[in-house]
Amino acid sequence: MNIPNMLTMLRLFLVPVLFYALVEGRYGWALAIFLIAAVSDGLDGWIARRFHQQTRLGAILDPIADKLLVVTAVITLTWLGFLPLWLTVLIISRDLLIIGGSMAYQLLIGAIEIAPTRLSKVNTVVQFLLIVLVLIHTASGWQYPDLLMIFIVASFVSTLSSGLQYVWVWSRKAVSQEKGTTGP
């Protein structure tokens, strides 16, 4: 267990704490918890790369922690009426598409190396910023609906684009694998 993996475990631990803070209406605490989790996400990746501490466990747990954090936040914020249902459905659908696609690829084609794309990383940042803006709004009453709408639209575009990119990339890999194994 190295420092990046411990930071990822911290993020996993913070998911139910974030949920509890949100449902209890402790939005200031929820904002602080989410910010700690977001900073730990960037920090664990930086430490792992900088000090060559990448592990298989970290490669598996890091995206799981990110997804649990985002999905918990968006579902809860939608349930509380702070985010539109259609956006939450899109975010969850993209994640299910990626999980289902990777499972299908492994079953039908073979092992797949899952690595986040640059667009996927941008999507994560946009979703994190959207959640932070919503939490700032709920914690302080800050009212900037135009800015919030910009991030809702940006989250929609980045989520949809990232999901389509994964479908495109994996489809091309599947076709090239098929041509390589059964082609002339």
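Start by selecting helix 2 and helix 3: helix 2 passes helix 3 in a left-handed crossing. Keep in mind as you look around that this is a predicted model.

Stay with this pair and show the side chains. On helix 2, pick F34, A37, D41 and D44; on helix 3, pick D62, D66, L69 and A73, and you have the residues that make the contact. Sorted by class, the contact has four nonpolar and four charged residues, with no polar ones.

Now view the two axes. Helix 2 covers residues 27-50 and helix 3 covers residues 56-79; their axes come within 11 Å and cross at roughly 160°. Helix 2 is therefore roughly antiparallel to helix 3.

Next, move to the largest nonpolar core, which has 29 residues. Helices 1 to 6 each supply at least two of its residues, and helix 5 gives the largest share, seven.

Zoom in on L135. Not counting residues up to four places away in sequence, L135 touches L22, Y27, A30, L31, F34 and L77.

Last stop: Q127, in helix 5 (residues 118-140). Is Q127 buried or exposed? Its relative accessible area is 4%, so Q127 is buried. Leaving aside neighbours within four places in sequence, Q127 is in contact with V70, I91, S155 and T159.

Technical notes. Residues numbered from 1 in each chain as written. Predicted model: local features only at pLDDT ≥ 70, side-chain atom pairs only at ≥ 80, totals over all residues. Heavy atoms only, no water. Axes fitted to C-alpha atoms, helices over the stretch in contact; angles between N-to-C directions. Helix = DSSP H or I, 4+ residues; strand = E, 2+ residues; numbered from the N terminus. Parallel < 35°, antiparallel > 145°, perpendicular 65-115°, else oblique. Left-handed = near helix turned anticlockwise from the far one by under 90°. Contact = heavy atoms within 4.5 Å. Nonpolar A, V, L, I, M, F, W, Y, C, P; charged D, E, K, R; others polar. Buried < 20%, exposed > 50% of the residue type's maximum accessible area, 1.4 Å probe, protein only. Core = buried A, V, L, I, M, F, W, Y, C linked by side-chain atoms within 4.5 Å.
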